[in-house]
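Reader: I have a chain to look at for class. Could you put it up and talk me through it?

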Amino acid sequence: MEKEIKKVLVLGSGALKIGQAGEFDYSGSQALKALKEEGISSVLVNPNIATIQTSEGIADKVYFLPVNTYFVEEIIKKERPEGILLAFGGQTALNCGAELYTKG
């Protein structure tokens, strides 16, 4: 029997810089919209207030905090997500996910 996923954590793209991360903001916002359509609650970590991902109504809950292991671990403890999506935050999110994995 498969477990139904009700809540996921999405690690966002973080700070946008000229020539990088814009595509991750777009893909992340599309992922958040798809999660909403599927009835899955989303918790977003993204410190950048000037992204589509952090716009009102895109994610169910937004933490405007750095995408690093300290803050993400604290959010995991509080929110208790059943999954973490990394692929929509570019290298920052991937690095954070890899570090979380090695820390257990």
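This is a predicted model: local features need pLDDT of at least 70, side-chain atom pairs count only at pLDDT 80 or more; totals for chains, interfaces and linings use all residues.

Reader: Okay, how many residues does helix 3 have, and how far does it reach?

Author: Helix 3 has 14 residues and reaches 20 Å from its first C-alpha to its last. That is close to the 20 Å expected at 1.5 Å a residue.

Reader: And which residues of helix 3 are buried?

Author: The buried residues of helix 3 are Gly90, Ala93, Cys96, Gly97 and Leu100. They lie on the same side of helix 3, because they cover an arc of only 125 degrees around the axis.

Reader: What sits on the face turned away from that buried side?

Author: That face of helix 3 carries Gln91 and Thr102, which are exposed.

Reader: Let's zoom out. What is the order of elements from the N terminus on?

Author: The elements run β-α-β-β-α-β-α. In total, the chain has three helices and four strands. Of its 104 residues, 38% are buried.

Reader: Which residues make up the largest nonpolar core?

Author: Eleven residues make up this core: Leu9, Leu11, Val43, Val45, Tyr63, Val67, Val72, Ile75, Ala93, Cys96 and Leu100. Strand 1 (7-11), strand 2 (41-45), helix 2 (69-79) and helix 3 (90-103) are the elements that give two or more residues to this core.

Reader: Which of them gives the most?

Author: Helix 3 gives the most to this core, with three residues. Apart from this core lies another, of eight residues, among them Val8, Leu32, Leu44 and Ala59.

Reader: You listed Tyr63. What does it touch?

Author: Leaving aside residues up to four places away in sequence, Tyr63 touches Val43, Leu44, Val45, Asn46, Ile75, Lys78 and Glu79.

Reader: What share of contacts comes from residues 24 or more positions apart?

Author: Among the contacts in the chain with a separation of 6 or more, such residues account for 63%.

Reader: New topic: where is Arg80, and what is its phi?

Author: Arg80 is in the loop between helix 2 and strand 4 (83-85). Its phi is near 55 degrees, a positive value in a residue other than glycine.

Reader: Is Arg80 buried or exposed, and why?

Author: Arg80 counts as exposed because its relative accessibility is 62%, and the cut-off for exposed is over 50%.

Reader: Last one: what does the accessible surface of the chain come to?

Author: The accessible surface comes to about 6400 Å², and 56% of that belongs to carbon and sulfur atoms.

Key
Residues are numbered from 1 along each chain as its sequence is written. Side-chain values use heavy atoms; hydrogens and water are left out. A nonpolar core is a set of buried Ala, Val, Leu, Ile, Met, Phe, Trp, Tyr and Cys residues joined through side-chain atoms within 4.5 Å. Buried means under 20% relative accessible area, exposed over 50%, partly exposed in between (1.4 Å probe, protein chains only). Contact means heavy atoms within 4.5 Å. Accessible areas come from the Shrake-Rupley method with a 1.4 Å probe; for residues, only the protein chains shown count as cover. The expected span of a helix is 1.5 Å times one less than its number of residues. The arc is that of the directions from the helix axis to the C-beta atoms.
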